Amino acid sequence: KRDINFPRCALVRAHFKVLKHTCNSSAESFLHDSKHPNQHPKPPPAMAKNTAILFDFDGTLCNSETPAMEVAYIELAPYLLEQPPTEDVMKEFCRINGGRAFEFMLEDTDKAREAKGLATIEVVRKARDEDAKVMVIVEPWRERLGLETVAAMRLAGTEPETLLTQQKDDTLIALKALATPVTNGVAMLDTLVAAGYPFCIATTSGKPRVPICVDAPNCNLRRFFPTDAKIHSGESDFDPPRFKPAPDVYLRAADAEGRAPEVCVAVEDSGSGAGSAANANIGLIVGYVGADHISEAMRDEHAKMLLAGKKAESGRGCGIVLLDIMDLPGLVDAFEEWLPAGGDKG
């Protein structure tokens with residue numbers, strides 16, 4: 001069976017400058033940190049390509065991780081063991097949990113509470129027994145994101161029945177107003193289109209969350225994904241949901257593009273997402289640390305996590321990590337050059 005790991009010689013042919021990192025994995029790893037001039041070179045004329053690119057969405061195409069994860073933290077803050085909630089704790093929560101389903105965060109929080117002999121989240125909500133000192137901190141954060149306060153919802157009798165429902169509703173409100181493309185994301189997609197590469201979205205996030213971001217006034221990525229058939233969701237497309245690191249959403253996305261997983265490139269910003277791509281046997285897994293939910297100080301650590309492969313059954317992580325998403329088309333060109341002829345399924 002052909003080794004699907006992208007050979008290092010292809011990176012040399014792509015003329016990339018890379019910074020070598022050491023991680024616990026036995027494989028070599030790199031953080032790509034090249035600089036680009038203001039004007040990018042004009043891409044070559046479009047040709048039929050074997051390679052398909054499968055994008056995670058939050059934190060790879062769209063700066064949606066920060067508002068979405070801030071909503072998640074704000075929902076959970078009254079019930080977390082670590083108190084009081086702070087801006088610094090929220091930032092680290094957003095970085096660590098980016099790409100995870102809120103369902104898993106709820107489960108982890110309830111397990112931690114039960115281990116300390118505390119009531120579960122829904123028991124506390126129904127009793128309206130949250131710590132008033134914590135709510136004084138949380139309520140202004142809700143208003144900052146354009147969300148109704150918990151006190152106002154309870155006064156009006158409109159509080160959702162579960163925290164999961166509340167989180168999903170609040171996330172849509174925040175993302176519609178705050179979602180933006182990642183830096184150079186639009187130029188990168190334009191370059192892929194001009195070069196003739198097919199691509200789609202393979203996300204754990206549910207619908208309508210991703211379509212709302214695609215259509216958000218400050219994001220406006222709809223021309224690249226003209227129908228929701230180009231958006232594949234681990235939450236919404238499977239019953240029961242198949243969240244990353246399960247491979248299902250990547251397998252579905254590759255199949256929709258008419259490609260075998262081995263001739264696809266996945267682009268990920270989370271450990272669970274990289275694990276999903278590895279478990280799906282995707283040919284090249286590209287990490288990305290340039291979105292706004294990863295601070296400059298934490299990029300190196302986050303890159304090493306993406307490379308480590310701890311969420312993959314095989315222990316395989318990302319083959320390379322990019323700081324500038326505009327480096328992706330050149331990397332895809334090198335992967336395409338390396339592929340044997342005939343990358344379609346079968």
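First, the term I need for burial: a residue counts as buried under 20% relative accessible area, with a 1.4 Å probe and protein chains only. I also note that this is a predicted model.

**Entry 1: overall figures.** I counted 14 helices and eight strands in the protein chain. The chain has 346 residues, and 53% of them count as buried. I looked at contacts with a separation of 6 or more; residues 24 or more positions apart account for 75% of them. The accessible surface comes to about 15400 Å², and 54% of that belongs to carbon and sulfur atoms.

**Entry 2: aromatic pairs.** How many aromatic pairs does a search of the whole structure find? The search finds six. I took Phe55 and Phe199 from the structure: their ring centres are 6.0 Å apart and their planes are at 85°, so the pair is edge-to-face. Phe55 lies in strand β3 (residues 52-55) and Phe199 in strand β4 (residues 199-203), so this pair ties together parts that are 144 residues apart in sequence. I checked burial next. Phe55 has 0% relative accessibility and counts as buried. Phe199 has 5% and also counts as buried.

I then followed Phe199 to Phe225. Their ring centres are 5.7 Å apart with planes at 75°, so this pair too is edge-to-face. Phe225 sits in the loop between α10 (209-215) and β5 (231-233), and the pair links parts of the chain 26 residues apart. Both Phe199 and Phe225 are buried. I logged Phe55, Phe199 and Phe225 as one aromatic cluster.

I also looked for a charge over a ring. Arg252 lies over the face of Phe238, at 5.7 Å from the ring centre.

**Entry 3: strand β3.** Which way do the side chains of β3 point? Ala52 and Leu54 point one way, Ile53 and Phe55 the other, and all are buried. In a regular strand the side chains alternate between the two faces of the sheet.

I checked the neighbours of β3. The strand pairs with β6 (residues 264-268) in the parallel sense over four bridges. Leu54 has Ala266 as its bridge partner in β6. Three bridges join β3 to β4, and these two run parallel. Phe55 stands opposite Ile201 in β4.

**Entry 4: two helices.** Why do I call α12 largely enclosed? Eight of the nine residues of α12 (residues 271-279) are buried, so the rest of the structure largely encloses the helix. Among the buried residues are Gly271, Gly273, Ala274 and Gly275. The buried residues of α12 pack against α11 (248-256), β6, β7 (284-288) and α13 (299-308).

Just after α3, Gly99 takes a positive phi of about 90°.

**Entry 5: cysteines.** I used a cut-off of 2.5 Å between cysteine sulfur atoms. By that rule I get zero disulfides. The sulfur of Cys200 is 7.9 Å from the closest cysteine sulfur, in Cys264, which is too far for a bond. Cys200 counts as buried at 0% relative accessibility. Cys219 is in no disulfide either; its nearest cysteine sulfur is that of Cys62, 3.7 Å away. Cys219 counts as buried at 4%.

**Entry 6: backbone.** Most residues other than glycine have a negative phi, and most peptide bonds are trans. I listed departures from that pattern.

- A cis peptide bond joins Lys207 and Pro208, with omega about 15°. Pro208 lies in the loop between β4 and α10.
- A cis peptide bond joins Lys244 and Pro245, with omega about 20°. Pro245 is in the loop between β5 and α11.
- Asn220 has a positive phi near 55°. Asn220 is in the loop between α10 and β5, and at 51% relative accessibility Asn220 counts as exposed.
- Asn281 has a positive phi of about 65° although it is not a glycine. Asn281 is in the loop between α12 and β7, and at 23% relative accessibility Asn281 counts as partly exposed.

Technical notes. Residues numbered from 1 in each chain as written. Predicted model: local features only at pLDDT ≥ 70, side-chain atom pairs only at ≥ 80, totals over all residues. Heavy atoms only, no water. Phe/Tyr/Trp six-rings, centres within 6.5 Å; stacked < 30°, edge-to-face > 60°. Buried < 20%, exposed > 50% of the residue type's maximum accessible area, 1.4 Å probe, protein only. Lys NZ or Arg CZ within 6 Å of the ring centre and 35° of its normal. Contact = heavy atoms within 4.5 Å. Areas by Shrake-Rupley, 256 points an atom, 1.4 Å probe, with all protein chains shown as cover. Pairing = 2+ DSSP bridges.
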